[in-house]
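Visitor: I have a two-chain model open and would enjoy a guided walk through it. Could you show me around?

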Amino acid sequence: MVDSPSVAVGTVSRGRAGIEVRLEDLRRSYVGVSALNGLSLTLAPGELVALLGPSGCGKTTAMRLVAGLEVADSGRVVIGGKDVTNVPASKRDVGMVFQAYSLFPHMTAWQNVAFGLQMRKVSAIQRRQRAGEMLELVGLSGFADRFAHQLSGGQQQRVALARALAIQPKVLLLDEPLSALDAKVRARLRDEIRRVQLDVGITTLFVTHDQEEALAIADRVGVMRAGHLEQLGPPTTIYSRPATPFVAEFVGLSNRLPGVVRRGSVEVRGALLPLVQPDAADGPAVALIRPEAVTIASDGQAATGLLVGTVIATAFLGATSRVTVDLGDVTVLAQLATSEATAYPAGTRVRVALRPDPVLIARDEATVERA
Amino acid sequence: MTRARRLRLRVFRVIVLVLGGAFFLIPIGAMFEFSTRGNGVGAPRTLVAWTTIVTYPDLLGAIRDSLGLAAITSVAMLVLLLPTMIWVRLRLPRLKRIIEFICLLPLTIPAIVLVVGLSPVYRWMAINLVDTIFLLSFAYVILVLPYAYRALDAGLSGIDVKTLSEAARSLGAGWGTVMFRIIAPNMSGALLNACLLSVALVLGEFTFANLLSYLNLQVEIFQLGLANAGTSIAVSVASLLFAFLLLMVLSFAGAARRARRMRRA
């Protein structure tokens, strides 16, 4: 899940240098409901930042403010040092790929790609040439004369990407461009988008609710919740060092095991685990533990104790499998290599061990309640 | 489906077609028959009534005026309605119900009431502006609103107006370009329908013109009927056939365009 391309923050590749994009204290509310509560975010030149969050967290609003499709109540959008907060969408020089298929149905693929150039009064010859180059960049040279309805969903989104990039925008905005596609196409197009983005070296904001997608594609991931950034950091940090229980639970699966905090560590069913937040106050809490941090041993046959249980189900995920173990009062998920997991069919008595990775605790009423 | 059932269905279809066809064709046939009767009992068939159409000076003028009115009304209706409806859809969705209500209102008001309300306006326009039959297109735009609104609304619902216009704007298109080069071409069928309904309505309009004392095609046919029944019926048949023809040409043109687009790809 965390096999994201290891690209340094702010990578500028062989394309032209990207441009810095700054969102400064953006606020936006709709009829009394606030969608953005002072979002500040700076995208380094050429960087791809993914905004990740559940629906209604304000990620799409943030993107639409950058595109100029909506007006902020307050705050600024600065693109390449220039304040564009009051510049209309048509003059902002941003390329955008939408969630829904947005190709103009009455135009062929190349006419779609050339449309933005036509708006910029580029000569017909240059238009044709540039549109051809862009289609080649997304691997659709042979499809120039097709209409949208003659292209597959993935192809349509690739044309949309070519169209957005043809105008050489300062920023590329991707609004859940993969959400309408099936899983296989989605993964392939995701890598394709990343390749093209690195190729062109364009600063990119990618909005998604799919954590796997965000972690795989982005230089940095911003997890959003209720109109603000909960955490912003490289994918590996987001995954392995979530700053808040919300991030821990939204990104990846977590086991929720009740425990007691004592002097900077938490005791969960007899195991003592270090804390991500060592200054947490003592008292009962819920520890959030990744399935990968749970290991299983087969010597549970005779053993007793708090971490002994019965395998009740195994979900085969390919190279790994997810094993559900019933510990009596709670169940835990353990993610193991499939070869290992086959040793524990349902019904096997096993002993569970928790790897002493730093864990996060949740304490608010609602979360403790659910645990 | 069993064979017997399929057969029954086919018979049923033929019956419906024949009955429907008879309903439309018998009156037209009868009108044609009447318009070719000679004067007096046992007189031979003659096309005099038909040839009078071209030689009757007022009639040709009325036909020209009605066609002009149809064209002006269609264009004015589109110019007024299309941008409004797109704008409401994109920016002021709360107003949609109100716009719909206003557009459907003319259906509920009898023509005679509209004319009574409009006649002072027309008198004023005739005195202070210019007295021409083409002023009628103001009233006709109101008259065609309900039909045109329905047709255009169906067309707009068929496309993702919001995404298309946002995509176009982010590519640098202004609002005019969005409307005329992005939205309109993708609802050409609906535009055609709206125009077709407007044209048909205007060509058949009698009440407004008659009560406001303008001589359009229908008023002329009516007056001609008082003087020369044969010619008035001939003109009626001709205008019906003309409307059919127009309808067919327009819808075939639409179909041909779609087919060409498919082929080209």
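Predicted model: local features only at pLDDT ≥ 70, side-chain atom pairs only at ≥ 80, totals over all residues.

Visitor: In the open sheet of 4 strands in chain A, which are the edge strands?

Guide: The order in this sheet is 2-1-4-5, with antiparallel pairing. An edge strand here pairs on one side only. In chain A that describes strand 2 (33-43) and strand 5 (82-83).

Visitor: Which residue in strand 4 of chain A is the bridge partner of A:Val21?

Guide: Strand 1 (residues 21-30) and strand 4 (residues 74-79) of chain A run antiparallel and are joined by 5 bridges. Within strand 4 of chain A, the partner of A:Val21 is A:Ile79.

Visitor: How many Å apart are the C-alpha centres of domain 1 and domain 2 of chain A?

Guide: Domain 1 of chain A is made of 21-93 + 169-245, while domain 2 covers 253-370. The distance between their C-alpha centres is 34 Å.

Visitor: Which strands stand at the edges of the open sheet of 5 strands in chain A?

Guide: The strands of this sheet follow the order 13-12-11-14-20, and the pairing is antiparallel. Each edge strand has a single partner strand, so one side of each is left without a neighbour in the sheet. Those edge strands of chain A are strand 13 and strand 20 (360-362).

Visitor: And by what angle are neighbouring strands of this sheet turned against each other on average?

Guide: Direction is ignored for this average. Between neighbouring strands of the sheet, the value is 45°.

Visitor: Which residue takes a positive phi in the hairpin of strand 12 and strand 13 of chain A?

Guide: Strand 12 (residues 265-268) and strand 13 (residues 271-274) of chain A run antiparallel with 4 bridges between them, and A:Val266 stands opposite A:Leu273. The hairpin has 2 residues between the strands. The residue with a positive phi, near 45°, is A:Arg269.

Visitor: How are helix 3 and helix 11 of chain B oriented to each other?

Guide: Helix 3 (residues 57-91) and helix 11 (residues 217-227) of chain B pack at about 155°, with axes 8 Å apart. Angles over 145 degrees count as roughly antiparallel. Helix 3 and helix 11 of chain B are therefore roughly antiparallel.

Visitor: How many charged residues are in the contact of helix 6 with helix 9 of chain B?

Guide: Helix 6 (residues 136-157) and helix 9 (residues 188-203) of chain B have axes that come within 8 Å and cross at roughly 155°; that makes the two helices roughly antiparallel. Their crossing is right-handed, and the contact includes B:Tyr140 and B:Leu143 of helix 6 with B:Leu197 and B:Leu201 of helix 9 of chain B. By class, there are 14 nonpolar and 4 polar residues, and the number of charged residues is none.

Visitor: Are helix 7 and helix 8 of chain B oblique or roughly parallel to each other?

Guide: The angle between helix 7 (residues 161-170) and helix 8 (residues 175-183) of chain B is about 120°, and their axes are 10 Å apart. The crossing of helix 7 and helix 8 of chain B is right-handed. Helix 7 and helix 8 of chain B are therefore oblique.

Visitor: Finally, which helix gives the largest share of the side of chain B that touches chain A?

Guide: Here 15 residues of chain B are in contact with 22 residues of chain A. By class, the chain B side has 7 nonpolar, 5 polar and 3 charged residues. The largest share, 6 residues, comes from helix 7 of chain B.

Definitions and conventions: Residues numbered from 1 in each chain as written. Chains lettered and ligands numbered in written order. Axes fitted to C-alpha atoms, helices over the stretch in contact; angles between N-to-C directions. Parallel < 35°, antiparallel > 145°, perpendicular 65-115°, else oblique. Left-handed = near helix turned anticlockwise from the far one by under 90°. Contact = placed C-beta atoms within 7 Å. Nonpolar A, V, L, I, M, F, W, Y, C, P; charged D, E, K, R; others polar. Pairing = 2+ DSSP bridges. Domains from an automatic or database assignment.
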